[in-house]
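Visitor: I'd like some practice at reading a model feature by feature. Could you walk me through one?

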Amino acid sequence: MALNLSNKLYKELFKQLVAAYYDGSFDDKVHAILEEHSENQIEAMKIISVICGVDVEPDSDDFVITLKKAITNYKVKENIVQKVMQCEECVKNENGKTRCQSICPFDAIVDEPLEKNLIIDPQLCTNCGLCVDVCERGHLKDRIEFLPIADLMKNDQKVIAAVAPAIAGQFGEGVKLDQLRAAFVRAGFADMIEVAFAADMLTIKEAVEFDRHVKGEGDLLITSCCCPMWVAMLRKVYTDLVKHVSPSVSPMIAIGKILKQLNPDVKVVFVGPCIAKKSEAKEKDLVGIIDFVLTFEEVRNLFDALEIKPSELTGMPSMEYASRGGRLYAVTGGVSMAVSEAVSELFPNKKHLLKAVQANGVLECKELLKRAVNGEVDATFIEGMGCIGGCVGGPKALIDAKLGREAATAVAMDSAVKVATNSDVMNQILARIGINDLSDFSDEKKIEIFERRF
């Protein structure tokens with residue numbers, strides 16, 4: 001009989017392993033879990049490996065020793081979404097598809113007739129993680145990378161938590177960003193920084209790209225800023241539109257590049273609501289910029305395991321450095337709003353040309369891109385978010401998308417810095433990486449740090 005891997009059990013195992021890794025009882029805890037599930041030890045070993053973020057053969061002579069070596073000598077793995085157990089008979093809809101097949105944007109979950117099972121086609125899968133979210137039996141899981149992070153922190157490596165703008169409100173109503181900063185530090189991180197700060201820099205970059213691409217009503221710029229699912233659709237399916245895509249990295253990648261240019265020894269962990277970000281961090285041209293990715297759900301489980309309650313902590317305030325626009329990247333339409341404000345300031349003669357349109361969720365994204373291919377979109381700036389509501393609707397968000405949008409918007413509107421172009425702190429950091437004036441964003445050499453060619 002297969003191991004019943006409910007989401008509750010999976011989270012509990014994660015918390016147990018994290019707590020044991022911190023208090024030095026990791027070996028005993030792994031042995032105890034295997035003993036508890038002695039009738040399904042092979043499956044238990046696979047699940048423990050995924051929870052620990054590594055690949056360890058379940059028939060290893062000494063599983064625990066091999067597991068610990070793999071954690072310490074962590075190597076980047078491309079396959080984020082994994083099938084940890086064989087599927088039993090799943091309910092199919094009227095089209096003959098299971099829930100995971102129906103949700104997959106790229107039809108990557110296919111029937112394997114010989115084994116009469118479902119498999120993930122690695123050539124089609126983008127590791128977006130939507131299937132993980134809808135799998136009722138818990139057979140599809142995304143690799144958790146925290147224990148390799150904990151190993152680095154145990155060895156006094158400086159590790160920074162770079163948090164997505166969607167983090168506002170996720171860890172409790174009234175929990176402020178400075179309390180979350182204190183929580184990450186208590187967990188062993190050196191500090192926490194808002195990715196919205198890098199989004200501000202990309203806002204200026206996208207405004208410059210708009211000026212370059214859009215000369216008149218018939219021209220078009222497709223932003224590549226945020227969503228890896230949106231980018232995957234363009235690169236895999238709607239290739240005719242790639243020529244219109246802005247050659248910009250995402251805010252996640254930008255913050256990693258900036259932090260590592262300022263301190264080459266630092267390790268950067270992105271924290272957000274998105275499984276697809278784990279895959280983005282491991283793309284061949286981006287490997288090593290972001291060292292690890294954790295979801296909000298994994299961080300909540302981490303805090304629970306270590307008995308850290310952000311709402312009860314005295315916050316660690318920092319200077320105001322992220323703008324309203326950068327923080328609004330968390331919601332659909334936020335990028336358009338921020339770029340529109342930057343265009344108005346930097347290129348006022350182009351303000352009238354910026355007509356933005358957005359897509360919400362996979363179906364809307366596909367429909368919008370189809371219309372764009374056919375020249376049926378009355379817009380000069382296209383923004384797409386693979387999750388409904390934007391990043392706040394991500395599969396690993398902790399609160400409802402509507403509440404997430406309200407929280408992210410409230411934090412954004414309370415920002416001391418309103419428009420990215422008006423941030424003195426950003427100007428200081430840009431100067432340290434060789435960008436001394438906003439006009440330098442038109443210098444291809446100087447803005448290479450923010451560039452990615454598709």
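This is a predicted model: local features need pLDDT of at least 70, side-chain atom pairs count only at pLDDT 80 or more; totals for chains, interfaces and linings use all residues.

Visitor: Sheet first, then. In what order do the four strands of the open sheet come?

Guide: In general, strands of a sheet pair through backbone hydrogen bonds, either parallel or antiparallel. Strands here are DSSP runs of E, at least two residues, and helices are runs of H or I, at least four, both numbered from the N terminus. Two strands pair if DSSP finds at least two bridges between them. In this case the order is β6-β5-β8-β9, with parallel pairing. β6 (191–194) and β9 (292–295) are at the edges with a single partner strand each, so one side of each has no neighbour in the sheet. From one strand to the next, the twist averages 30 degrees.

Visitor: How many bridges join β5 to β6?

Guide: Four, with β5 covering residues 159–163. One to look up is alanine 162, whose bridge partner in β6 is isoleucine 193.

Visitor: Which strands does helix α11 touch?

Guide: Contact means heavy atoms within 4.5 Å. Helix α11 (residues 251–262) packs on the sheet and touches β5, β6, β8 and β9. For directions, axes are lines fitted to C-alpha atoms, for helices over the stretch in contact, and angles run from 0 to 180 degrees between N-to-C directions. α11 makes about 155 degrees with β8, while helix α7 (residues 146–154) lies across β5, β8 (267–272) and β9, at about 120 degrees to β9.

Visitor: Where is aspartate 107 found?

Guide: Most residues other than glycine have a negative phi. Aspartate 107, in the loop between α5 (99–103) and β2 (109–112), has a positive phi near 50 degrees. Glutamate 307, in the loop between α13 (296–305) and α14 (324–327), also has a positive phi, near 55 degrees.

Technical notes. Residues are numbered from 1 along each chain as its sequence is written. Side-chain values use heavy atoms; hydrogens and water are left out.
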